[in-house]
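Please keep the sequence and the model open while reading.

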Amino acid sequence: VNLFFRPIDKITSVLESYPKGIAGFRRFTELIDTRPDIADRPNARELGDVKGEIAYNNIRFGYGNDRLFDDLSFEIKAGETVAFVGPSGAGKTTLCSLLPRFYELDGGTITIDGVDIRDVTQQSLRAQIGIVAQDVFLFGGTIRENIAYGKLDASDDEIMEALKRAALNTYVLSLPEGLDTVVGERGVKLSGGQKQRLAIARIFLKNPPILVLDEATSALDTATEVAIQNALNELSKGRTTLVVAHRLATIRNADRIMVVSNNRIIEQGSHEELLAKKGAYAELHFAQFGTG
Ligand code: ATP
């Protein structure tokens, strides 16, 4: 289930009636960065640039009365790539969406470089995290505006460089209006793969130390798939990366795999370690991919 943009769905209808132009755009970025249902603490401070060391400490969380996690703890080193795998509904996406504080914990803490995420402003927290969701959210502006959302004062050179690293520059240059091309309902329709690359370009530009990736389950054509996979590998380099993994290549390349099941992390280790263990991961792996 793709959760990342669910709360944003609620505000898209509001957005359509927003004034166009840069004022509307600014307002939009404020909206997207701040959820109305979670308030900053009165004395919340700015997070500042982090290394990206993450710790979940005895967290408790449930959406309603049902408890999804109870006393769950793990740590992720700065620069490490962790792949979350497990049965559908186990809570992989939920675990990842707690980091940008899209939902409030019922207990325990999550820290980044030792700082409790509830002690800092949501805006400064999310400035440190790049998110690639399954459904990429674009607004009805130009390609430039959609990418510069990650960095409002970016120059065209910086934007083109980000597009290049996301393997989308050739396409954008082929458009008569280039970066000024309007996308979305009233403009050029981008394919699923192009939208994903646009989201990736956004993050290259924003350059955050932490990356959260909800890997697409829907199949793209092979060439697009390879381009996106390469761009994502590049993007995760040197960043702490949490990925809800559905692809074998991603899982194999992860520094560590965490198997989420029955409200817990039941196994963790590298692909080889977990296969050798012949436990839950091995079973899941053979069921899903049918190969070693
Ligand atoms: P999948 O692999 O299918 O994406 P997942 O392991 O990522 O699954 P989550 O999407 O985190 O699992 O969902 C965990 C549980 O929480 C599921 O039972 C789901 O129905 C429930 N859930 C997810 N989002 C919400 C929400 N916004 N409100 C209420 N329940 C939710």
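Predicted model: local features only at pLDDT ≥ 70, side-chain atom pairs only at ≥ 80, totals over all residues.

Is the crossing of helix 8 and helix 9 left-handed or right-handed? The crossing of these two helices is left-handed.

## The chain

The protein chain contains twelve helices and ten strands. Of its 292 residues, 35% are buried. Taking contacts between residues at least 6 apart in sequence, 73% join residues at least 24 apart.

## Helix 9

Helix 9 covers residues 222-236, a run of 15 residues. From first C-alpha to last it reaches 21 Å, close to the 21 Å expected at 1.5 Å a residue. Its buried residues are Ile228, Ala231, Leu232, Leu235 and Ser236. They sit on the same side of helix 9 because they cover an arc of only 130° around the axis. An α-helix has 3.6 residues a turn, so residues three or four places apart point the same way.

The exposed residues Thr222 and Ala223 lie on the face of helix 9 turned away from its buried side. The buried residues pack against strand 3 (81-85), helix 6 (156-165), helix 8 (192-206), strand 7 (210-214) and strand 8 (240-244). After helix 9 comes Gly238, with a positive phi near 75°.

## Helix 8

The 15 residues of helix 8 should span 21 Å at 1.5 Å a residue, and its end C-alpha atoms are 21 Å apart, which agrees. Helix 8 is mostly covered, with eleven of its 15 residues buried. Gln194, Gln196 and Arg197 are among the buried residues, and so is each residue from Leu198 through Ala199, Ile200, Ala201, Arg202, Ile203 and Phe204 to Leu205.

What lies over these buried residues? The cover includes strand 6 (129-132), helix 5 (143-148), helix 6, helix 7 (169-174), strand 7 and helix 9. Just after helix 8, Asn207 has a positive phi of about 55°.

Helix 8 packs with helix 9 at an angle of about 15°, the axes being 10 Å apart. That angle makes helix 8 roughly parallel to helix 9. On the helix 8 side, the residues that meet helix 9 are Gly193, Gln196, Arg197, Ile200, Ile203 and Phe204. Their partners in helix 9 are Thr224, Ile228, Ala231, Leu232 and Leu235.

How do the axes of helix 6 and helix 8 cross? They come within 8 Å and cross at roughly 125°. Helix 6 and helix 8 are therefore oblique to each other. This crossing is right-handed, whereas that of helix 8 and helix 9 is left-handed. Glu158, Ile159, Ala162, Leu163 and Arg165 in helix 6 meet Ala201, Phe204 and Leu205 in helix 8.

Gly91 lies in the loop between strand 3 and helix 3 (92-98). Is Gly91 buried or exposed? Gly91 counts as buried because it has 24 C-beta neighbours inside 10 Å. Leaving aside residues up to four places away in sequence, Gly91 touches Leu68, Phe69, Val260 and Asn263. Gly91 and Ile200 are 109 residues apart along the chain, and their C-alpha atoms are separated by 24 Å.

Asn263, one of the residues touched by Gly91, is in the loop between strand 9 (256-261) and strand 10 (264-269). With 17 C-beta neighbours inside 10 Å, Asn263 counts as partly exposed. Its phi is positive, about 65°, although Asn263 is not a glycine.

Asn58 is in strand 1. Its phi is near 45°, a positive value in a residue other than glycine. Asn58 is partly exposed, with 13 other C-beta atoms within 10 Å.

Arg45 is in the loop between helix 2 (22-33) and strand 1 (54-61). Arg45 is exposed, because 12 other C-beta atoms lie within 10 Å and the exposed class takes in residues with 12 or fewer. Which residues does Arg45 touch, not counting those up to four places away in sequence? Arg45 touches Asp119 and Val120. Arg45 and Ser124 are 79 residues apart in sequence, with a C-alpha to C-alpha separation of 8.4 Å.

Terms used
Residues numbered from 1 in each chain as written. Helix = DSSP H or I, 4+ residues; strand = E, 2+ residues; numbered from the N terminus. Expected span 1.5 Å × (residues − 1). Buried ≥ 20, exposed ≤ 12 C-beta atoms within 10 Å, placed from the backbone. Arc of directions from axis to C-beta. Contact = placed C-beta atoms within 7 Å. Axes fitted to C-alpha atoms, helices over the stretch in contact; angles between N-to-C directions. Parallel < 35°, antiparallel > 145°, perpendicular 65-115°, else oblique. Left-handed = near helix turned anticlockwise from the far one by under 90°.
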